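Let's take a walk through this model together.

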Amino acid sequence: MARTDRIGQTFGKLTVIADHGGAQLHCRCECGREGSYPRAITKPSYRGPKACPWCLGSPCEECGAIIPNKGRMPAKTCSEACRVARSNRRERERYERIKDTEHFRATRAAYLERLSSAMDADPELAESIREDRRRAVRAWRERQMADPVLRARYLEAHRQREAKRLERIRSDPEAYAEHLRRQREWYHSLSDEDYHRIFVEGREERALRKSRRE
């Protein structure tokens, strides 16, 4: 018995555009994407998808790009970069939820106490941990300085901290006089190289950033 030619017929969002008589029909979805689908879509008992994977897909939780449906639990992200970003975001959200709880504080205090004891007992372990921390701080600072948004955020937070610190010092005449004395000592202790790096190069860098903004 010859099979019925299904060209032009529509099933769900799929319109048959080529029927070669085999087990697959070549269809075009309403969105314009084409693909092969089982001939069973023509039967009333068919319970499978009647649209392309993109129309049945879901948006990536990080960038919003559509993730094609592949017949299993929908993916949350569209790429490895988005997966890492989602994981980091969820971890930050979890931390914000628990950081002020008594359980978290007690657990963290117990962990730090155990770590401190282990570092006191093993100098090599202590140095290894300190080096890991220094490496992590350097990596974060490099990433922070390379990203204009993170850099601007860091500089603004630094300015606010400095403003509060100076306001606190200036409120006490004796503390302010001691602060000025230490500043003068630090300034006169600078080598020519340090002076050039801090003041001359710093001034040139600020002037360059200002000219770029203008």
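A quick term to begin with: buried means under 20% relative accessible area, exposed means over 50%, and partly exposed is in between (1.4 Å probe, protein chains only). Keep in mind that this is a predicted model, where local features need pLDDT of at least 70, side-chain atom pairs count only at pLDDT 80 or more, and totals for chains, interfaces and linings use all residues. Residues are numbered from 1 along each chain as its sequence is written, and side-chain values use heavy atoms, leaving out hydrogens and water.

Start with E91, which is partly exposed because its relative accessible area is 40%. Its partner is R94, and their side chains meet in a salt bridge, 2.7 Å from N to O. (A salt bridge here is a side-chain nitrogen of Lys or Arg within 4 Å of a carboxyl oxygen of Asp or Glu.) Both sit in helix α1 (residues 80–98), three residues apart, so about one helical turn separates them. Helices are DSSP runs of H or I with at least four residues, numbered from the N terminus. R94 is partly exposed too, at 36%.

Move on to helix α3 (residues 123–146), where R134 and E131 are also three residues apart, about one helical turn. They form a salt bridge, with the closest N and O atoms 3.0 Å apart.

In helix α4 (residues 148–170), R165 and E162 are three residues apart, about one turn of the helix. Salt bridges that share partners join E127, E131, D132, R134, R135 and R138 into one network. As for R165 and E162, their side chains meet in a salt bridge at 3.0 Å, N to O. A search of the whole structure finds 22 salt bridges.

Technical notes
Helices (H or I, at least four residues) and strands (E, at least two) are DSSP runs, numbered from the N terminus.
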